[in-house]
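Please look through the sequence and the model first, then read the points by topic.

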Amino acid sequence: MDFKNIKCPVCNSQFKDGDDIVVCPECGAPHHRECYENLNHCAFEDKHSEGFNFNDSYEADGENSENGEETVICPRCKSENPKNMFYCGKCGFPLSMQNQQNTGNFNNPQGTQFANIFDPMAGVNPEEDMGEGVTAGEISKFVQNNTPYFIRVFNNIKNFSKGRFNFCAFLFSGGYLLYRKMYKIGAIITAVMLVLWMSELYIHYCTPAGQQMIEFMNNYYNSAATSMNAVSELYRGIFSLDLTNQILLGVMYISSIAQIVLKIVIGIKANRWYFKHCKNQIAEIKAENENPESEIQARGGVNTAIAISLLAVYFIIEFIPFFVTGGI
């Protein structure tokens, strides 16, 4: 059989003359030898129990091609997608850019950017149920900003229970949640982070414990003390304080560590929280309105004003200690 017009089901690249090809003994599907060995089994192994035969399937695909209905097999979940799809409709995995004209190379991030522009649904069917009777199309209308990213992430959470770390949420914590209009949890986390941060700043700049640490750090950087001497000086400085200031110093470090831990948790959980928020809000809107389209768009999107306000507050608080302590 001539494989030149067939694509490897693993890497989705068309076979060329001279390629090292192996054929599955059960279904007859051709693979690049390297692809087959990396996968360690046939790409259609899950269909073998159904009596899948690659030759029959290929002939059927050929008929579809003649009718202008060519399909692309997703390298991750092996589901078939229309040739003009940029992302798999089942799992959201980027499909080979070889099937997309003028979108760049599959391994080129620029190509993926073009795909996002032309396919804001990231290859997901707008009518697909994302849970609680909410469709992917409704979620895209609610999200509005950066829709392709969130649709892919939400689709992976729904189908594979796999989220993605959100670096914006990690950096801006509660402020990011408020920006995405998750006001309740955003307000709680912002308040907690503010208390931790203000506690750290107050102890650091306005207590004897904090002043002792500042003095120690200045002496350390301005001297040629060895690391062992520096540690000894640190312990001597700490234990020379009274119990109250020792406790304050411990609280300062605990506050600093707690902020980092909380930011990591938010980065891990933010996309799942936002997915749940989108579904809950849309389900509520649909229950209250006969024509919910305009309300979905009104309640969705982002709150830029609150993001700018929080940024201003951040800078004000950051510079307060310099004014209070005279620039220490």
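Predicted model: local features only at pLDDT ≥ 70, side-chain atom pairs only at ≥ 80, totals over all residues.

Does Leu243 count as buried or exposed, and at what relative accessibility? Leu243 counts as exposed, because its relative accessibility is 61%, and exposed means over 50%.

**Surface patch**

- Leu243 is part of helix α11.
- Together with Ile247 and Val251, Leu243 makes up a nonpolar patch on the surface.
- The accessible area of these three residues together is about 280 Å².

**Largest pocket**

- The largest pocket holds about 1,000 Å³ of space.
- The pocket is lined by 36 residues, and the closest to its centre are Leu171, Phe172, Ser173, Lys263 and Tyr314.
- Helices that each supply at least two residues of this lining are α5 (147-160), α6 (167-172), α7 (174-179), α8 (183-206), α11 (243-288) and α13 (304-324).
- Helix α13 gives the largest share of the lining, 10 residues.
- By residue type, the lining of the largest pocket divides into 23 nonpolar, 8 polar and 5 charged residues.

- The structure has 7 salt bridges.
- One of them joins Glu138 and Lys286, whose closest N and O atoms are 3.2 Å apart.
- Glu138 sits in helix α4 (residues 136-143) and Lys286 in helix α11, so this pair ties together parts that are 148 residues apart in sequence.
- Glu138 is buried, because its relative accessible area is 12% and buried means under 20%.
- Lys286 has a relative accessibility of 31% and therefore counts as partly exposed.

- Glu284 and Arg299 meet through their side chains in a salt bridge, at 3.3 Å from N to O.
- This pair links distant parts of the chain, with Glu284 in helix α11 and Arg299 in helix α12 (residues 293-299), 15 residues apart.
- Glu284 counts as partly exposed, because its relative accessibility is 36%.
- Arg299 also counts as partly exposed, at 23% relative accessibility.
- Glu288 forms a salt bridge with Arg299 as well, and the closest N and O atoms are 3.2 Å apart.
- Because Glu288 lies in helix α11 and Arg299 in helix α12, the pair ties together parts that are 11 residues apart in sequence.
- Glu288 counts as exposed, with a relative accessibility of 52%.
- Glu284, Glu288, Glu295 and Arg299 are linked in a network of salt bridges.

- Ile317 lies in helix α13, the helix that gives the largest share of the pocket lining.
- Ile317 counts as buried, because its relative accessibility is 11% and the limit for buried is under 20%.
- Ile317 is 123 residues from Leu194 in sequence, while their C-alpha atoms are 9.7 Å apart in space.

Definitions and conventions:
Residues numbered from 1 in each chain as written. Heavy atoms only, no water. 1 Å grid on protein atoms, 1.4 Å probe; cavity = no way out; pocket = protein on both sides within 12 Å on 5 of 7 lines; lining within 4 Å. Points joined across faces, edges and corners; volume = space filled by probe spheres on them. Helix = DSSP H or I, 4+ residues; strand = E, 2+ residues; numbered from the N terminus. Nonpolar A, V, L, I, M, F, W, Y, C, P; charged D, E, K, R; others polar. Patch = residues over 30% accessible without salt bridge, like charges linked within 9 Å, V, L, I, M, F, W, Y side chains within 5 Å. Areas by Shrake-Rupley, 256 points an atom, 1.4 Å probe, with all protein chains shown as cover. Salt bridge = Lys/Arg side-chain N within 4 Å of Asp/Glu carboxyl O. Buried < 20%, exposed > 50% of the residue type's maximum accessible area, 1.4 Å probe, protein only.
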